Amino acid sequence: MADCLFCKMVTGDVPATVVRDSDGAVAFRDINPQAPTHVLVIPREHYTDLADLTRSDPVLLGEVLDTAVRVAEDEGIVDPGYRVVFNSGAGAGQTVFHVHAHVLGGRGLSWPPG
Ligand code: 5GP
Ligand code: ZN
């Protein structure tokens with residue numbers, strides 16, 4: 001998608017601090033971190049949201065989730081805990097419509113979320 005920010009990160013047209021990548025997924029640090037660790041995991045291919053990715057390519061969704069778990073392990077946030085979030089739809093806070101998992105940790109995370 002020519003006008004998609006995260007597609008431009010995949011191609012390198014927009015710079016990103018990449019922490020992990022694989023055939024299907026890329027993980028990079030969020031530009032406006034909400035926790036000491038805040039990494040975004042995206043599929044290289046463009047899907048708009050979680051429903052689109054899940055229904056179009058569930059294997060690729062698995063690769064995105066596997067990447068999220070490995071990022072949490074690499075970042076040392078598995079203990080005491082971390083959170084993986086897909087904001088889905090504008091009302092839930094989605095602002096970039098290329099599906100992405102937020103991996104958050106490194107501080108206490110309260111529940112329920114805002
Ligand atoms: P959303 O609000 O769609 O769930 O998450 C989008 C995320 O992308 C936000 O946390 C925001 O800080 C991040 N973001 C927006 N623009 C950029 C950018 O240019 N570079 C990086 N690394 N992250 C970005
Ligand atoms: Zn895209």
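This is a predicted model: local features need pLDDT of at least 70, side-chain atom pairs count only at pLDDT 80 or more; totals for chains, interfaces and linings use all residues.
## A residue in helix H2

Thr54 has its place in helix H2, which covers residues 50–56. A polar atom of the Thr54 side chain lies 2.7 Å from the backbone oxygen of Leu50.

## The zinc site

Which residues coordinate the zinc ion (ligand 2)? The donors are the SG atoms of Cys4 and Cys7 together with the ND1 atoms of His46 and His98, and they sit at 2.1 to 2.3 Å from the metal. Seen from the zinc ion (ligand 2), the 4 donor atoms subtend angles of 106 to 116°, and the arrangement is therefore tetrahedral. That conclusion follows because four donors count as tetrahedral if all angles lie between 85 and 135 degrees.

Along the sequence, the spacing of the donor residues of the zinc ion (ligand 2) is C-x2-C-x38-H-x51-H. Cys4 belongs to the segment before helix H1 (5–11), while His98 belongs to the loop between strand E4 (82–85) and strand E5 (101–105), so this pair ties together parts of the chain that are 94 residues apart in sequence.

Both Cys4 and His98 are buried. For His98 the relative accessibility is 0%, which is why this residue counts as buried. The side chain of His98 also makes a polar contact, at 3.3 Å, with the side chain of His46, and both of these histidines are among the residues that coordinate the zinc ion (ligand 2).

Sorted by class, the lining of the largest pocket contains 6 nonpolar, 7 polar and 3 charged residues.

The second largest pocket contains about 250 Å³ of space. It is lined by 18 residues, and Phe6, Phe28, Asp30, Ile31 and Leu40 lie nearest its centre. Helix H1 and strand E2 (25–29) each supply at least two residues of this lining, and the largest share, 3 residues, comes from H1. By class, the lining of the second largest pocket has 9 nonpolar, 7 polar and 2 charged residues.

## Two cis peptide bonds

Where does the cis peptide bond with omega near 20° lie? It runs from Asp79 to Pro80, and Pro80 is found in the loop between helix H3 (58–75) and strand E4.

Trp111 and Pro112 are also joined by a cis peptide bond, with an omega of about 5°. Pro112 has its place in the segment after strand E5.

Key
Residues are numbered from 1 along each chain as its sequence is written. Chains are lettered from A and ligands numbered from 1 in the order in which they are written. Side-chain values use heavy atoms; hydrogens and water are left out. Donors are N, O and S atoms within 2.8 Å of the metal (3.2 Å for Na, K and Ca); water is not among the atoms, so sites may look incomplete. Four donors count as tetrahedral if all angles lie between 85 and 135 degrees; four count as square planar and six as octahedral if opposite donors are over 155 degrees apart and all others between 65 and 115; anything else is irregular. Helices (H or I, at least four residues) and strands (E, at least two) are DSSP runs, numbered from the N terminus. Buried means under 20% relative accessible area, exposed over 50%, partly exposed in between (1.4 Å probe, protein chains only). Ala, Val, Leu, Ile, Met, Phe, Trp, Tyr, Cys and Pro count as nonpolar, Asp, Glu, Lys and Arg as charged, and the others, Gly among them, as polar. On a 1 Å grid over the protein atoms alone, a cavity is a set of points where a 1.4 Å probe fits but cannot get out, and a pocket is an open set with protein on both sides within 12 Å along at least five of seven lines; lining residues have an atom within 4 Å of a point. Grid points are joined across faces, edges and corners, and a volume is the space filled by probe spheres set on the points. A polar contact is a pair of N or O atoms within 3.5 Å; within protein, one must be able to donate a hydrogen and the other to accept it, and residues adjacent in sequence count only if both atoms are side-chain atoms.
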